[in-house]
Amino acid sequence: MIKKLIRKILGVKNTAASGKSGKSVAPTVLQAKEHGINPQLVSANAIRVTQTLQDNGYQAFIVGGAVRDLLTGVKPKDFDIATNATPEQVKRLFRRAFIIGRRFQIVHVMFGQDLLEVTTFRGPSNDEAPKDEHGRVLRDNTFGEQHEDAVRRDFTVNAMYYDPASQTVLDYHGGMQDIRKKILRIIGVPEARYREDPVRMLRVVRFAAKLGFKIDAATRAPIAVMAPLINNVPAARVFDEMLKLLTSGHAMACLQQLRSEGLHHGLMPLLDVVLEQPLGEKFVALALSNTDERVQQGKPVSPSFLFASLLWHQVLEKWEAYKATGEFPIPALHLAADDVLMRQTDALAIQRKIASDMRDIWAMQPRFEKRAGKTPYKMLEHQRLRAGYDFLLLRCASGEIDAELGDWWTAFINGDAAQREQLINSKPKHSGAAPIAKKRKPRRRAPRKAAATQE
């Protein structure tokens with residue numbers, strides 16, 4: 001309290017940890033004709049939240065990645081709001097609002113299925129805030145003014161504030177200039193910012209790949225050395241960031257960027273598998289390409305299907321190993337799935353529901369090879385049929401198994417009763433991962449001659 005009072009009187013703020021500005025900096029104010037944001041790309045609910053806050057005497061702006069996307073002419077997927085109202089004050093203004101967060105409290109405001117994240121302006125980082133032994137901030141609920149909030153944001157292109165009412169953009173750190181130059185630059189001292197939150201190293205890679213921007217030299221320099229700090233981040237946060245990276249619409253570019261920055265080794269077993277397992281290279285490339293295409297078309301992406309695809313060839317390798325020891329195929333597959341998921345969960349907190357769906361997708365694959373009797377009809381009733389079938393087609397497209405198997409199931413799923421019966425009665429050739437050896441007919445032996453004498 002005394003320190004804050006002294007800083008307020010002297011106009012001095014601590015600048016050591018995060019490059020915090022010691023004085024209030026007036027932002028560059030960009031009018032509509034200068035920034036060129038199309039108001040039709042702005043969420044009606046985001047406007048509703050900012051207007052409600054402003055009508056009640058608070059400041060409120062759309063902020064972060066949404067402003068960055070609007071400035072580049074892209075319709076944002078999510079809209080975040082920044083305000084000088086406290087979480088409790090925000091919560092009182094909206095019927096469906098929930099305060100969440102331990103590291104920093106935020107408010108989720110719901111309109112139907114639409115979720116908007118509302119944060120209170122953050123103040124200077126408190127030197128006494130709890131940190132781990134590596135300097136990562138564990139909890140910091142310090143509120144402040146808008147210019148202080150701008151300093152606390154990670155990159156210049158994410159530190160701009162858009163007011164839908166006046167259609168003005170407030171730019172504190174030259175973010176607009178960096179957007180025009182297509183440069184990603186961290187705010188403050190890079191080493192200190194990465195130490196505060198190592199996930200920023202993953203974020204800068206994701207943004208560079210997604211936006212096609214170059215990473216500023218000073219921002220890039222410490223990453224290779226500080227990459228191991230990511231191992232200290234809770235696995236759930238790493239999973240969330242990994243999911244954002246893989247569903248960014250530029251998944252393969254993101255993984256290639258991770259490799260070029262030296263972030264793939266040791267980051268998590270998953271990335272080592274994806275980038276370094278030659279047997280699954282084509283399979284993974286197809287899976288990520290299909291995911292990117294769905295994202296760019298605005299179609300939903302299943303995390304279960306995505307992670308099942310990325311880990312499949314690790315499962316396949318262990319499956320073959322278990323069968324080689326004498327295990328029956330189905331139990332061997334379940335043992336392989338257990339091994340892979342257990343190893344990944346240690347570093348990447350894959351949610352239980354996602355892991356369960358991944359198991360279903362994998363377990364269906366040998367069942368697709370059984371195309372006689374009632375088995376195909378039972379498969380039609382499986383709740384994960386579509387995901388399992390799409391996974392099968394991916395295996396066919398990559399050359400892992402014969403495309404005839406995928407064609408047969410396409411015809412069976414889309415056919416009527418008569419067509420399905422005809423397919424069942426046909427004799428499809430075997431299309432599994434390995435051909436089944438034909439059984440030889442037993443050779444008939446000639447009858448033995450009767451003995452000449454009997455004892």
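**Stop one: a pair of helices**

Begin by selecting helix 12 (residues 235-246) and helix 13 (residues 251-260), which pack at an angle of about 125°, with their axes 7 Å apart. Bear in mind throughout that this is a predicted model. An angle over 145 degrees would count as roughly antiparallel and one of 65 to 115 as roughly perpendicular, and helix 12 and helix 13 are therefore oblique to each other. To see where they touch, show the side chains of Met 242, Leu 245 and Leu 246 in helix 12, which meet Ala 251, Cys 254, Leu 255 and Leu 258 in helix 13. By class, the residues of this contact are seven nonpolar, no polar and no charged.

**Stop two: another pair of helices**

Next, select helix 21 (residues 403-414) together with helix 22 (residues 417-425), whose axes lie 8 Å apart and which pack at an angle of about 150°. Because angles over 145 degrees count as roughly antiparallel, helix 21 is described as roughly antiparallel to helix 22. On the side of helix 21, the contact is made by Trp 408, Ala 411, Phe 412 and Ile 413, while helix 22 brings Arg 420, Leu 423 and Ile 424 to it. The contact of helix 21 with helix 22 divides into six nonpolar residues, no polar residues and one charged residue.

Now turn to the second largest pocket, which has a volume of about 540 Å³. Of the 19 residues that line this pocket, select Asn 290, Arg 294, Phe 305, Arg 386 and Asp 390, which are the closest to its centre. Two elements, helix 15 (281-296) and helix 20 (385-397), each give two or more residues to the lining. Which helix gives the most to the lining of the second largest pocket? Colour helix 20 to find out, for helix 20 gives the most, with six residues. When the whole lining is sorted by class, eight residues are nonpolar, five are polar and six are charged.

The last stop concerns aromatic pairs, of which the count comes to 15. One to select is the pair of Trp 312 and Phe 391, whose ring centres are 5.4 Å apart and whose planes stand at 90°, so the pair is edge-to-face. This pair links distant parts of the chain, since Trp 312 is in helix 16 (residues 303-324) and Phe 391 is in helix 20, 79 residues apart.

Technical notes
Residues numbered from 1 in each chain as written. Predicted model: local features only at pLDDT ≥ 70, side-chain atom pairs only at ≥ 80, totals over all residues. Heavy atoms only, no water. 1 Å grid on protein atoms, 1.4 Å probe; cavity = no way out; pocket = protein on both sides within 12 Å on 5 of 7 lines; lining within 4 Å. Points joined across faces, edges and corners; volume = space filled by probe spheres on them. Helix = DSSP H or I, 4+ residues; strand = E, 2+ residues; numbered from the N terminus. Nonpolar A, V, L, I, M, F, W, Y, C, P; charged D, E, K, R; others polar. Axes fitted to C-alpha atoms, helices over the stretch in contact; angles between N-to-C directions. Parallel < 35°, antiparallel > 145°, perpendicular 65-115°, else oblique. Contact = heavy atoms within 4.5 Å. Phe/Tyr/Trp six-rings, centres within 6.5 Å; stacked < 30°, edge-to-face > 60°.
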